[in-house]
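Hi there,

Here is the structure I promised to pass on. Have a look at it first, and then read my notes below.

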Amino acid sequence: MACKKLGSKADAFQRQGQAWFCTTGLPSDIIVEVGEMSFHLHKFPLLSKSALLEKLIEESSDEEEGCVVKLHDMPGGDKAFELVAKFCYGVKFELTASNVVCLRCAAEYLQMTEEIAEGNLIAQTEIFLNQVVLRGWKDSIKVLQTCDILLPHAENIQIIKRCIDSLAVKACTDPNLFGWPMMEHGAMQSPGGSVLWNGISTGARPRNCSSDWWYEDASSLSLPLYKRLISVMESRGIRQEVIAGSVTSYAKKYLPGISRRHSLAPVALTAAPSEEEQRHILEEIVGLLPLQKGVTSTKILFGLLRTGMILRANPTCISNLEKRIGLQLDQANLEDLLLPNFSYSMETLYNIDCVQRILEHFLAMDQVADGASPNLVDDEQLIGSPSLAPITTVAKLIDGYLAEVAPDINLKLPKFQNLASAVPDYARPLDDGLYRAIDIYLKAHPWLNEAEREQLCRLMDCQKLSLEACTHAAQNERLPLRVVVQVLFFEQLQLRTSIAGCLLVSDNLDGSRPLRSGLVGSGDGGGWASAVRENQVLKEGMDSMRMRVYELEKECTSMRQEIEKLGRGKSKWSTVSKKFGFKLKSQMCSAQEESVSDHQKTGSSAIEKLPAKLTKHKQQLSTDA
């Protein structure tokens, strides 16, 4: 830390309890009281430097009890006046960044101007501020830290403004151009850029400073001064990413709950802010964050939101954070969404209403950004559209969130449905994630009746389930029978489509054999072998899918025969078909029977899976009757 030495005489002051005495050999003729401290001094050194003390000494000289001057509103208190007294007596002391502000304010208060004496204290402190403090980063920070206890005096003489302007200029400029805030190897460099030591190149390179070099120092400032610093930086055009990084660093220092995983770095032994102070800091920090999308980390925004809920921040602050998160919800992960419910009612374990509001903000922003309705576009174009990547990511995120909160027995069905249905249909290329969440919810809420189960299952589209999900759903006893039959029907259609595609690929491979065989003689012997292996893999896959199709056809035929045995006839079959939500024509079933005749011996295993389903089906039909 830079310093400047003032005075030349030896220290002649001695403290005894709450009093200071000047040991020059002459008896004191004035007592200056500053707070609870009294200074037994001499008139001449004081009035020769201070116009205010000259006036006060003249006014109190007529009193019989002696000359007593009271300075209870002295800036900096007794410690500042002790240094002022040493300056008046010419005693040696150091002017530093730690005491220059209190001395400058005290000199202004005591009117220690050049008209009274040349080289007076105001001039000395101003020279030190302008030529030393304002040119250095660390000294400017130190001066600002001492200004908090000297308000409004430091503000009136423009010390705060000058320091903040100096810091803003340095923070907005590339430090590598000027070598501050520090130089690792000194200032001398060779033309090649290496560091010189006594004119000899050492081969070392100066360290490059990143844009966050000033974050830690700025976070040591009080909140009002930090806000003024950020405001001046923004007016000078500093990048929004840098502002967001600094505000985030400040928040992490004073809001310990902002991160779920606390850092292993050593924690400073300072008193943590009270709950009320933390609430005030959080509300102010949210206002300092840039509004630009993606500038502030989504994880930090969620941390601020979670902390705001704990500290009971005002609703405006909470709403502001929810909107900011909604703008970039596609950048969040599942862990971020798991916000505990801090309400007194504790209806659910997680704050699902908050996630619902965040999702609504995202969807509103997405609709404004897209303009046209996505429903007017084909499904294939939707899946490959870059503009749908964010909302597709959010849909997957919400499905994962639903699966996490589904085991909560206090989660009501309408709240689950509202969050699941808020995601547009076009945002889900597949409904596997939604099916998983529904299955978990059904497992955790076994008391739901048949109507509620069917209402819940309407959230998913059976046509958008993958083959793996269809296989699981077809054997899921928690699903309503109607949904199981729909899944079987659409699974069969998917398998038929897949087989048709495989056959088309197989035909293309067979047609390319002459060409590949012709290449064998030209030296490319691996091409034909690779084609044979690919063809073999495709045939094995086709055989597996044919067996699966056969099992499904056998299952469908067996169900049809059981229903006919109930004596309902064709009219009852049509009624059941309508109730299941699809139509099975006799031509399709007859075609299936022809296919079944080719594999009668291998179909017995599939029939063993049906008794439970048929029992439920019979109960349903008896209820309809």
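A residue is called buried when its relative accessible area is under 20%. Please keep in mind that this is a predicted model.

With that cut-off, let's start at Q417, which is located in helix 19 (residues 413-422). Its relative accessible area is 12%, so Q417 counts as buried. What does Q417 touch, leaving aside its neighbours within four places in sequence? The contacts are Q455, L456 and L459.

Next, a pair of helices. Packed helices like these are described by the angle between their axes and the distance between the axes. For helix 4 (residues 100-110) and helix 5 (residues 121-131), the axes come within 9 Å and cross at roughly 145 degrees. The crossing of these two helices is left-handed. On the helix 4 side, the contact is made by V100, L103, R104, A107 and E108. Helix 5 contributes L121, I122, T125, E126, F128 and L129.

Strand 2 (residues 13-16) and strand 3 (residues 19-22) run antiparallel and are joined by four bridges. Within this pairing, Q14 faces F21 of strand 3. Two residues lie between the strands of the hairpin, and G17 adopts a positive phi near 65 degrees there.

Happy browsing, and do write back with any questions!

Best wishes

Methods: Residues numbered from 1 in each chain as written. Predicted model: local features only at pLDDT ≥ 70, side-chain atom pairs only at ≥ 80, totals over all residues. Heavy atoms only, no water. Pairing = 2+ DSSP bridges. Axes fitted to C-alpha atoms, helices over the stretch in contact; angles between N-to-C directions. Left-handed = near helix turned anticlockwise from the far one by under 90°. Contact = heavy atoms within 4.5 Å. Buried < 20%, exposed > 50% of the residue type's maximum accessible area, 1.4 Å probe, protein only.
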